[in-house]
Amino acid sequence: NEKEASRFPDRIRLTLSRFFREKDRWEAPYSLALLWRDELERKYSGRRISVIATDIDEPSLQRASEARYEFPSLREILNEMRQRWFHRDEGHFRLDVKVKELVRFEKRNLFDGGPERGMDLVLCRYFVFTYYRGARRRAAVQKLWESTRPGGLLMIGRKEGLTREDR
């Protein structure tokens with residue numbers, strides 16, 4: 001049902017956030033910013049990054065923009081990194097502003113304009129590859145493909161994949 005399908009993205013909310021979940025894939029936008037500040041910035045001095053984190057769920061965006069986490073969200077971060085970049089805040093952990101400032105949050109729907117174009121790296125997790133099938137999934141993959149610059153990368157979850165039908 002096309003009418004129901006168009007409302008489906010607004011009905012399902014995936015609110016789980018954990019740094020370096022599936023360490024080889026990095027779920028959270030701050031994970032990428034953390035890697036930059038902690039490991040890569042010295043190696044690539046003179047360069048900078050900007051991370052755009054998008055979602056259609058405003059409460060999730062608001063929570064993420066606060067950069068304040070309970071310990072389970074940090075359980076996969078190395079102790080040294082956690083001590084260097086997080087500060088205790090009333091029983092929570094607050095991300096250092098030097099990492100936080102690299103990430104901006106925007107409410108976006110993949111089918112209403114989609115991601116910006118010219119991205120070096122696009123991370124898309126779960127929703128498209130778990131819940132979409134057929135023409136809707138192909139259209140989503142096309143939007144993601146168009147958002148990457150030539151030579152850019154699309155990173156998806158370990159349990160997800162692109163099929164011949166998606167291309």
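**Reading charged pairs, cores and strands**

A: Glu101 is exposed, because its relative accessible area of 54% lies over the 50% cut-off for that class. Please keep in mind throughout that this is a predicted model.

Q: Which residue does Glu101 meet in a salt bridge, and at what N to O distance?

A: Side chains of opposite charge can pair when their charged atoms come close. Here the partner is Arg37, and the side chains of Arg37 and Glu101 meet at 2.9 Å, N to O. This pair links distant parts of the chain, since Arg37 belongs to helix α2 while Glu101 sits in the loop between α5 (97-100) and β5 (103-107), 64 residues apart.

Q: Is Arg37 buried or exposed?

A: Arg37 counts as buried, because its relative accessibility is 14% and the class takes in values under 20%. Its place in the chain is helix α2, which spans residues 29-40.

Q: Which other residue meets Arg37 in a salt bridge?

A: Glu41 does, with 2.4 Å from N to O, and Glu41 counts as partly exposed because its relative accessibility is 28%. The side chain of Arg37 also reaches a backbone atom, namely the oxygen of Lys98, at 2.6 Å.

Q: Which residues does Arg37 touch, once those up to four places away in sequence are set aside?

A: The list consists of Arg42, Trp85, Lys98, Val99, Glu101 and Leu102. For Leu102, which is 65 residues from Arg37 along the chain, the C-alpha atoms of the two residues are separated by 9.3 Å.

Q: How many salt bridges does the structure hold?

A: There are 12 of them. One of these is formed by Glu58 and Lys107, whose closest N and O atoms are 3.1 Å apart. Because Glu58 lies in helix α3 (residues 58-66) and Lys107 in strand β5, this pair ties together parts that are 49 residues apart in sequence. Salt bridges can also be read as a group, as with Arg104, Glu106, Arg108 and Glu116, which are linked in a network.

Q: How should I read a nonpolar core, and which residues have the most contacts inside the largest one?

A: In soluble globular proteins, nonpolar side chains tend to be buried together. The largest nonpolar core in this model has 18 residues, and Tyr30, Leu34, Trp85, Phe86, Leu95, Val99 and Val103 are those with the most contacts inside it. At least two residues of this core come from each of α2, β1 (51-55), α4 (79-85) and β4 (92-95), and the largest share, four residues, is supplied by α2. Another core, of 12 residues, lies apart from this one and includes Phe127, Tyr132, Val141 and Ile156.

Q: What can be said about the strands that pair with β4, and how many bridges join β3 to β4?

A: Strand pairing is read by asking which strands are bridged, and in which direction they run. Four bridges join strand β3 (residues 86-89) to β4, and these two strands run antiparallel. Strand β2 (residues 68-69) is likewise antiparallel to β4, with two bridges between them.

Q: Which residue takes a positive phi in the hairpin of β3 and β4?

A: That residue is Glu90, with a phi near 50°, in a hairpin that has two residues between the strands.

Conventions:
Residues are numbered from 1 along each chain as its sequence is written. This is a predicted model: local features need pLDDT of at least 70, side-chain atom pairs count only at pLDDT 80 or more; totals for chains, interfaces and linings use all residues. Side-chain values use heavy atoms; hydrogens and water are left out. Buried means under 20% relative accessible area, exposed over 50%, partly exposed in between (1.4 Å probe, protein chains only). Contact means heavy atoms within 4.5 Å. A polar contact is a pair of N or O atoms within 3.5 Å; within protein, one must be able to donate a hydrogen and the other to accept it, and residues adjacent in sequence count only if both atoms are side-chain atoms. A nonpolar core is a set of buried Ala, Val, Leu, Ile, Met, Phe, Trp, Tyr and Cys residues joined through side-chain atoms within 4.5 Å. A salt bridge is a side-chain nitrogen of Lys or Arg within 4 Å of a carboxyl oxygen of Asp or Glu. Two strands pair if DSSP finds at least two bridges between them.
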